[in-house]
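Thanks for coming. Please have a look at the model first, and then I will go through a few parts of it.

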Amino acid sequence: MRSFLLRRLAHALVVVWGVVTFVFFLVRLTGDPAAFLVDPTATQDEIAHTRRLLGLDRSLGVQYADFLLNVARGDFGQSFQTRRPALGVVMAHLWPATAQLAAAALALSTVLAIPLGVLSATRRGGWVDHGSRLVSLFLQSMPAFWLGIMLILLFAVELGGLLPAYGSGTLRHLILPAITLAAAPLAQNVRLIRSGMLEVLGEDYVRTARAKGLAERGVIYRHALRNAALPVLTVTGLSLGFMLSGAIIIETVFSWPGLGRLIVQAVPGRDFPVIQAGVFVFAAIFVLVNLAVDLLYTVMDPRVRLS
């Protein structure tokens with residue numbers, strides 16, 4: 001276990017380093033941020049002075065070396081716009097706004113998928129099965145931004161403001177963005193649970209459990225579902241990472257004050273420290289979630305061996 005963790009942590013460090021390095025050079029292709037931070041009537045000398053204050057007058061190699069040294073200490077510099085520590089700004093938007101939205105969407109996509117997937121598999125060929133497969137295909141085919149706009153038109157406009165179209169602060173504000181973010185993962189989980197259940201319901205251990213007289217509910221949820229849910233565990237871990245990063249679109253549509261919207265606002269203003277810190281946090285969460293999924297695999301299925 002120790003060697004496995006060390007290998008995975010080493011891989012995680014390499015992945016995160018690669019992501020932040022790519023973003024470091026990519027954002028600098030967008031142009032000089034100093035021009036956005038001075039008065040439109042500023043002279044070239046004033047712009048050059050601003051570049052010196054930000055450390056942007058040095059060579060790219062020197063900037064990158066300083067960046068890596070500072071990141072190793074957890075310092076991403078100060079936001080060009082607010083002059084506050086960039087990592088602090090990012091964490092303030094990640095928690096609770098983005099974390100709350102991702103957790104709500106993950107709960108919806110997982111809790112609802114289990115009974116729907118099981119019903120679809122145990123009633124194969126029935127109206128429940130056909131209906132769930134059709135709705136799943138529909139939800140997976142829709143762009144998230146389009147679904148969000150349609151929900152706004154329905155609940156905030158046509159139904160007379162039944163649910164708010166933007167903002168945060170209450171449970172009512174969370175409902176529409178959480179549903180929008182959960183739609184595609186929910187459809188994917190339903191299909192995975194259905195296919196997994198259909199595969200395991202014909203296994204010998206399921207027939208043996210039924211032959212022993214166990215209740216059908218216990219056979220399905222205690223024995224069959226546990227093995228059918230293994231692929232869902234992997235996809236759920238990936239979904240959490242994609243929800244955090246995919247929330248960029250949803251937060252923009254619903255004006256949700258999370259990390260995704262912060263990065264979207266930082267890009268036009270070329271706020272390099274905030275962009276770099278935000279991408280770093282996304283990458284770190286993604287690799288840590290995948291590590292946790294690998295460890296849970298061994299708990300869910302003892303036949304899985306760490307290698």
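Ala144, Leu147, Gly148, Leu151 and Phe155 in helix 8 meet Leu176, Ile179, Thr180 and Ala183 in helix 9, where contact means heavy atoms within 4.5 Å. By class, this contact has seven nonpolar, two polar and no charged residues. Here Ala, Val, Leu, Ile, Met, Phe, Trp, Tyr, Cys and Pro count as nonpolar, Asp, Glu, Lys and Arg as charged, and the others, Gly among them, as polar.

Before going on, a word on the source. This is a predicted model, in which local features need pLDDT of at least 70 and side-chain atom pairs count only at pLDDT 80 or more, while totals for chains, interfaces and linings use all residues. Residues are numbered from 1 along each chain as its sequence is written, and side-chain values use heavy atoms, with hydrogens and water left out.

Back to the pair. At what angle do helix 8 and helix 9 pack? The angle is about 145°, and the axes are 9 Å apart; axes are lines fitted to C-alpha atoms over the stretch in contact, and angles run from 0 to 180 degrees between N-to-C directions. Helices are DSSP runs of H or I with at least four residues, strands are E runs of at least two, and both are numbered from the N terminus.

Helix 8 gives the most to the patch, with six residues.

Now the whole protein. It has 14 helices and zero strands, and its C-alpha trace spans about 85 × 60 × 30 Å along the principal axes.

Last, a backbone detail. A cis peptide bond joins Trp95 and Pro96, with omega about 10°, and Pro96 is in helix 5.
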